[in-house]
Amino acid sequence: MTKREPSTAERLLDTVGPAFGKLRRSTLLEVENPVSQKDLSRTLILNIVLEAEQAAEPTEVTVGAVAAHLGVDPSVASRMVSDNIAAGHLIRAASQQDGRRTVLHLSPGGRELMARFRRHQRAAYEAVTADWSEEERLEFARLMLKYVADQDALRNR
């Protein structure tokens, strides 16, 4: 039995996973308004809360919801949330739907960190794609957004 060589398409697709890993690590590129490694970790949690607030049908976010979204143990999510609270980025509050539950909200400082992070992400994207044509930049952005939307749809099934 002879071993079949992977096709060019298979080799290309096999590199997607490692590329996503590099992409996450490269968000600290030295561009305008750099974000610290610690704040980069914090934005994982803040982004979950922000997206829930901005959804077409806003939802309340609990520590349990954060754990489920990140696929981590609730104790890990609790420590991450506590770190954001201690840093002044999140606020715990009573749920408006069920007063026995505690939900998370962005503080003004959390909103500022997310705005700064979004500006940094945009600057990093523009720096990385500076030599691309406008068509390439927009097509990549469109396809990345489609990928993320489809990933969310699979998660929410």
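Reply: A definition comes first: pLDDT is the predictor's confidence in each residue, on a scale from 0 to 100. It is needed here since this is a predicted model.

Me: What pLDDT does the protein average?

Reply: Of the residues in this predicted model, 89% score at least 70. Taken over the protein, the average pLDDT is 88.

Me: How is the aromatic pair of Tyr-125 and Phe-140 classed, and which helices does the pair link?

Reply: The structure holds 2 aromatic pairs. In the pair of Tyr-125 and Phe-140, the centres are 6.2 Å apart and the planes stand at 15 degrees, and because planes under 30 degrees apart count as stacked, this pair is stacked. The two residues are 15 apart in the chain and link distant parts of it, with Tyr-125 in helix H6 (residues 108-128) and Phe-140 in helix H7 (residues 134-155), so the helices asked for are H6 and H7.

Me: Why is the pair of Trp-132 and Phe-140 classed as it is?

Reply: A pair of aromatic rings is described by the distance of the centres and the angle of the planes. For Trp-132 and Phe-140 the centres lie 5.6 Å apart and the planes stand at 85 degrees. Because an angle over 60 degrees falls in that class, the pair is edge-to-face.

Me: Are the three residues of the aromatic cluster buried, exposed or partly exposed, and which residues are they?

Reply: The relative accessibility is 25% for Tyr-125, 34% for Trp-132 and 37% for Phe-140. Buried would need a value under 20% and exposed one over 50%, so Tyr-125, Trp-132 and Phe-140 each count as partly exposed. The cluster is formed by Tyr-125, Trp-132 and Phe-140.

Me: Which element gives the most to the lining of the largest pocket?

Reply: This pocket holds about 2,200 Å³ of space, and of its 47 lining residues the closest to the centre are Asn-47, Glu-51, Gln-121, Met-144 and Val-148. Two or more lining residues come from each of H2, helix H3 (37-54), helix H4 (63-70), H6 and H7. By class the lining divides into 24 nonpolar, 12 polar and 11 charged residues. The element that gives the most, with 13 residues, is H7.

Me: How many residues does H2 give to the lining of the second largest pocket?

Reply: About 150 Å³ of space lies in this pocket, and its lining includes Phe-140 and Met-144. The lining has 7 nonpolar residues, 1 polar and no charged. H2 and H7 each supply at least two of the lining residues, and the element that gives the most is H2, with 4 residues.

Me: Is Phe-117 buried or exposed?

Reply: Phe-117 lies in helix H6 and, leaving aside residues up to four places away in sequence, touches Val-35, Leu-40 and Thr-43. From Thr-43 it is 74 residues away in sequence, yet 7.8 Å in space from C-alpha to C-alpha. Because its relative accessibility of 5% is under 20%, Phe-117 counts as buried.

Note on methods
Residues are numbered from 1 along each chain as its sequence is written. This is a predicted model: local features need pLDDT of at least 70, side-chain atom pairs count only at pLDDT 80 or more; totals for chains, interfaces and linings use all residues. Side-chain values use heavy atoms; hydrogens and water are left out. Rings of Phe, Tyr and Trp (its six-membered ring) pair if their centres lie within 6.5 Å; planes under 30 degrees apart count as stacked, over 60 as edge-to-face and the rest as tilted. Buried means under 20% relative accessible area, exposed over 50%, partly exposed in between (1.4 Å probe, protein chains only). On a 1 Å grid over the protein atoms alone, a cavity is a set of points where a 1.4 Å probe fits but cannot get out, and a pocket is an open set with protein on both sides within 12 Å along at least five of seven lines; lining residues have an atom within 4 Å of a point. Grid points are joined across faces, edges and corners, and a volume is the space filled by probe spheres set on the points. Ala, Val, Leu, Ile, Met, Phe, Trp, Tyr, Cys and Pro count as nonpolar, Asp, Glu, Lys and Arg as charged, and the others, Gly among them, as polar. Contact means heavy atoms within 4.5 Å.
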